[in-house]
Amino acid sequence: MGWELPVVLIGILVIISLVLIGVEKLLGNESEKAITINGELKIPVKGEDTVLNTLAAEKIFLPSACGGKATCGFCKFKLIGADGNILPTEEPFISEEERLDGIRLSCQVKVKGDMDIEIPRELMTAKEYVTTITSIEDLTHDIKLVRFKLIDPDHIDFLPGQYIQLKVPGIDVIRAYSIASNPKIKDELELIIRLVPKGAATSFVFRALELKDKVIITGPYGDFYLREDSNRDIICIAGGSGKAPIRSILSVLADQGMTRKVKYFFGAKTKKDLYYTEEFRELEKEFPNFQYIPALSEPLPDDEWDGDVGLITEIVDKYTGDLSQAEAYLCGSPGMINACIKVLKDHDIEEENILFDSF
Ligand SMILES: Cc1cc2nc3c(=O)[nH]c(=O)nc-3n(C[C@H](O)[C@H](O)[C@H](O)COP(=O)(O)OP(=O)(O)OC[C@H]3O[C@@H](n4cnc5c(N)ncnc54)[C@H](O)[C@@H]3O)c2cc1C
Ligand code: FES
């Protein structure tokens, strides 16, 4: 064999290497794109992941209670210059008005080129936190109070009424839970969690979660929070675990001396579904402006219940006068909330003064 063959082989290898470098550069250039958020923050993007995941990789956490499966509708953002087309998976969650306004689900839209997007400003402050469980207490037969100690970062700022998202350890499930504690306690969070039969997250919390377990949460999220700049009278209505954000809101009102008149209606089926009754009775004693009205829809004979009986809508109607100057905070099932909103409107409340979280 002469010298020609090795030289030819080396030449071929050099040419292949140059072609590969050229292709990589070309592809690299193609994947150079950016998301501009609220016209001020530009983040370079590689690959074609969803907007939700791309932002999460940059530590910008949009709400996503279903973990990106297009079943919660929480992860909305505005795509500037959108053509109005949406995917079939987005249709159940995007109204016609939103579609025309460029609203999309971030878990369904992939970053294929430069994008200008808008997200609520408060989401820019949502963070990921490492926590550990410091206590788990039974509040009723199907509701637990769970305390989370903030480890990294070691404190959280939130508004009374807001919620966090919890990544259930060991299973790929993310769920939203309202914060039940006072925002002045920054190194610990309390959640009130109700068991949903066969529910993925709540079954885990009830059967497997243990003290000292490490749990990742993100947040805070939500525009359901106490409007502290208002001095209107307040109506609170809750059912089940809907007591969580109301408890946080009331703790702040109590810190402020309960200067606003507050009526708090809590609907339950039987006496065994009531909890924190003593806590709110104490608040009534301390503040004449505060009234707690628990009502049972189906009290048992053994309950020996001498309080109000009926649907919470009937009880609200019974104890409520003119609400034209009032503000309402509602938390419970969508059915309960819709029915209560109707009653509140019959009492002349202004629509913009009704705040609610339904779950
Ligand atoms: C903003 C927000 C705040 C929330 N805050 C709280 C809170 O403070 N405390 C709390 O306990 N929950 C809260 N939730 C509900 C929570 O996020 C979960 O949806 C709930 O815990 C069920 O999760 P899971 O994984 O156990 O059930 P999944 O596995 O999601 O559900 C199992 C089945 O149960 C049904 N289901 C789901 N939820 C309910 C329900 N509430 N009642 C009846 N059937 C249901 C589902 O349709 C499904 O068929 C909140 C939700 C939102 C959106
Ligand atoms: S994360 Fe639930 S719909 Fe997008």
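Modeller: Let's start with a term: a salt bridge is a side-chain nitrogen of Lys or Arg within 4 Å of a carboxyl oxygen of Asp or Glu. By that rule, a search of the whole structure turns up 22 salt bridges. Bear in mind that this is a predicted model, where local features need pLDDT of at least 70 and side-chain atom pairs count only at pLDDT 80 or more, while totals for chains, interfaces and linings use all residues. Residues are numbered from 1 along each chain as its sequence is written, chains are lettered from A and ligands numbered from 1 in the order in which they are written, and side-chain values use heavy atoms, with hydrogens and water left out.

Biologist: Why is the pair Glu40 and Arg121 called a salt bridge?

Modeller: The closest N and O atoms of Glu40 and Arg121 are 3.0 Å apart, and the limit is 4 Å, so the pair qualifies. The two residues sit 81 apart in the chain: Glu40 is in the loop between β1 (33-37) and β2 (41-45), Arg121 in the loop between β5 (115-118) and β6 (127-138). Those element names are DSSP runs numbered from the N terminus (helices are H or I, at least four residues; strands are E, at least two).

Biologist: Into which domains is the protein divided?

Modeller: There is domain 1 (34-123), domain 2 (126-221) and domain 3 (233-358), with bounds from an automatic or database domain assignment. The centres of domain 2 and domain 3, taken over C-alpha atoms, are 24 Å apart.

Biologist: How do you know that domain 2 and domain 3 are in contact?

Modeller: Contact here means heavy atoms within 4.5 Å. By that test, 19 residues of domain 2 touch 16 residues of domain 3. Together the two domains bury about 1400 Å², 57% of it on carbon and sulfur atoms; that is the accessible area (1.4 Å probe) the parts lose on being put together, summed over both. On the domain 2 side, His141, Pro160 and Ile192 supply 29% of the area buried against domain 3, more than any other three residues.

Biologist: What makes Ser178 a polar contact of ligand 1?

Modeller: A polar contact is a pair of N or O atoms within 3.5 Å (within protein, one must be able to donate a hydrogen and the other to accept it, and residues adjacent in sequence count only if both atoms are side-chain atoms). A backbone N or O atom of Ser178 is 3.1 Å from a nitrogen atom of ligand 1, which falls inside the 3.5 Å limit, so it counts. Ala200 has a backbone N or O atom 2.9 Å from an oxygen atom of the ligand, and a polar side-chain atom of Ser241 lies 3.3 Å from an oxygen atom of ligand 1.

Biologist: Where is Pro153, and what joins Asp152 to Pro153?

Modeller: Pro153 is in the loop between β7 and β8 (163-168), and the bond from Asp152 is a cis peptide bond with omega about -10°. Another cis bond runs from Gly219 to Pro220, with omega near -5°; Pro220 is in strand β11 (residues 214-221).
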